Amino acid sequence: MIGLIGAMTVEMELVKERMTERKEETISGITFVQGKLEDVDCVAAVSGIGKVNSAMCAQTMILRYQPRLVINTGVAGGTGKGIKIGDVVVAEHVVQHDMDTSALGDPKGFISGIDMIRIPCDNVLNEKVCLAAQRVAGLICHRGIIATGDQFVGSREKLNQLMAEFGAVACEMEGGSIGQVCYINKVPFAVVRAISDNANDDAHMDYPKFLKIAVHKSADLLCALMPLLSE
Ligand code: SAH
């Protein structure tokens, strides 16, 4: 079983439409759709936006369905150099940029308890994601750090900060929390996002304009990935 999580309905509807043998159940307000995507057993869910919703979703999914892999897909703001709207970013690590106990002397982004800043994504899975990306016509795939926080980033100032403090190539609002839940539960995970905006002063205009295009790209990539994940 492979777990698929998107924050918003628009990010998961194409994926759900392409699933067969669907069965649904709702737990704590989150609907989990079990079925086959490209003949591979999957469970797909729309978590809701932000770290709390996405952590709830990931933990519930893991306890109820025991996925062997979790993939967080959807859209993100591109922050790295040369990352364009419509490109795909695959996280090598995720960070939570709004986790901040620096007033106590911890480095910014330090997650107390697991005592780390950067949570590593699964390398084997990432290789397969990049291979799948090559099979989707015209898709450009980047790898790097994705920064997560409970904030839509839409200013040059904030995006410069994310690049300088964390070396982030993209920012979004769920990957870091899903990553933390997966890491603690020892479930390999990937965060794969298509770029909807550049997290800059134009982001509030670009995001609604390019959301649909980006969503199509991430869904196409997920479908190309599935055959590489069948056991
Ligand atoms: N009220 C809006 C909120 C959208 S938030 C709504 O319900 O549609 C933006 C979503 O897209 C989040 O799930 C986040 O993960 C992703 N995202 C895209 N661009 C982003 C950016 N520049 N900064 C932060 N998150 C971004």
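**Notebook: burial and cores**

I started with burial: 55% of the 231 residues of the protein count as buried (under 20% relative accessible area, with a 1.4 Å probe and protein chains only). I noted that this is a predicted model, where local features need pLDDT of at least 70, side-chain atom pairs count only at pLDDT 80 or more, and totals for chains, interfaces and linings use all residues. Residues are numbered from 1 along each chain as its sequence is written, and side-chain values use heavy atoms, with hydrogens and water left out.

Next I looked up the helices and strands, and found 6 helices and 10 strands. Both are DSSP runs numbered from the N terminus: helices are H or I with at least four residues, strands are E with at least two. The radius of gyration (over C-alpha atoms) is 16 Å, close to the 17 Å from the globule rule (2.2 Å times the number of residues to the power 0.38), so the protein is as compact as a globular protein of 231 residues.

Then I went for the cores. A nonpolar core is a set of buried Ala, Val, Leu, Ile, Met, Phe, Trp, Tyr and Cys residues joined through side-chain atoms within 4.5 Å. The largest one has 42 residues, and Leu 4, Leu 37 and Leu 229 are among those with the most contacts inside it. Helix 6 (residues 203-229) gives the most to this core, with 12 residues. I also found a second, separate core of 30 residues, including Ile 83 and Val 191.

Last, I checked Leu 229: beyond its neighbours within four places in sequence, Leu 229 is in contact (heavy atoms within 4.5 Å) with Ile 2, Arg 68, Leu 69, Ile 71, Leu 125 and Lys 128.

How values were computed
Buried means under 20% relative accessible area, exposed over 50%, partly exposed in between (1.4 Å probe, protein chains only).
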